[in-house]
Amino acid sequence: MSIKIIRGDITTAAADVIVNSANTDVAVGRGVDMHIYRAAGYDKLFAEREKIGVLDYGQTAVTPAFKLNARYIFHTVAPKAGNEEILALCYRGCLELADRLKLDSIAFPLLGAGSNGIDANRTLEYAVDILRDTDIEVQIYISERLVFEAGKIFAPAGRAPVMSSVSALEEECICAPSAYRSLDNVISEVSETFQETLLRMIDDRGLKDSEVYHRANISRKHFSKIRSSRDYHPGKKTVLSFAIALELSLDETVDLLARAGYAFSPSSREDSAIRYFIQEGIYDIYDINVALFEHGLEPLI
């Protein structure tokens, strides 16, 4: 399972199903609804929508995807502002239908935002909270027109919430000690690969693989590739996702990054934010990704 938050056009998504924010009546609305109809093929899709008839708020129905790069379109009716609890019915109804159809991936728009009037920050946080426990690969597509406020990032239970200010994060220089060594000595000291270090850390903490890749927001398929290859070379975001999942200290994170050939960059706002989360003991990757997105930064994927 993984959740990807993407700024872009949902009609370009490659997934088993694309979710449409539909009307209750047999009619095509503004925004995402109209955009999906045009991309899929208006006449054919509308003919299928007529067969469904009236839908209630929170209800979900399915049609073919026609010209979209998907197998199905799910039509679900999101609520207006003031009825946010219905969002749970929309998201869960889509997931249950996807499970019955044995689908592996699903792309959602940000249901309830935009013309429905629900605050963009609120509905994004709500969506991630509902979708985080599914086994289906999830993509959440965010319209370029939606505006987010820099949100509040919550610390672990028992601690007060902290307000993030990424631009004001203190930069640090982490330097390793150096001394003269021969080439033979250097070569002989080469130790664990990234894969070996990661698996050892999982074992040392008494965790199951499934616990770790779920906490890292990484799919089982991706993790299997890592486990099967001693010399697997991950992307930097993958390394940082595992550091968050394992609740590593800053020093441990620096070491894990180095074993994959990376380092924290003092000129990267994303890197500064991740260091901040680690130093503050904030290790929920779903909350971290929402906070990064709300601050205009790239989420860990």
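Predicted model: local features only at pLDDT ≥ 70, side-chain atom pairs only at ≥ 80, totals over all residues.
## Helix α3 and its surroundings

Helix α3 itself covers residues 86-100. Its 15 residues reach 21 Å from the first C-alpha to the last, close to the 21 Å expected at 1.5 Å a residue.

After the helix comes Lys102, which has a positive phi, near 60 degrees.

## Aromatic pairs

The structure holds 8 aromatic pairs. One of them joins Tyr37 and Phe46: the ring centres are 6.5 Å apart and the planes stand at 55 degrees, so this pair is classed as tilted. Tyr37 is buried, its relative accessible area being 1%. Ring pairs also bring Tyr42 into a cluster with Tyr37 and Phe46.

Phe148 and Phe293 form an edge-to-face pair, with 5.1 Å from centre to centre and 90 degrees between the planes. Phe148 belongs to the loop between β6 (137-142) and β7 (152-153), while Phe293 belongs to helix α12 (residues 285-294); the pair therefore ties together parts that are 145 residues apart in sequence. Phe148 counts as buried at 12% relative accessibility, and Phe293 counts as buried at 8%.

## A charge over a ring

Arg275 lies over the face of Phe264, at 5.6 Å from the ring centre.

Terms used
Residues numbered from 1 in each chain as written. Heavy atoms only, no water. Helix = DSSP H or I, 4+ residues; strand = E, 2+ residues; numbered from the N terminus. Expected span 1.5 Å × (residues − 1). Phe/Tyr/Trp six-rings, centres within 6.5 Å; stacked < 30°, edge-to-face > 60°. Buried < 20%, exposed > 50% of the residue type's maximum accessible area, 1.4 Å probe, protein only. Lys NZ or Arg CZ within 6 Å of the ring centre and 35° of its normal.
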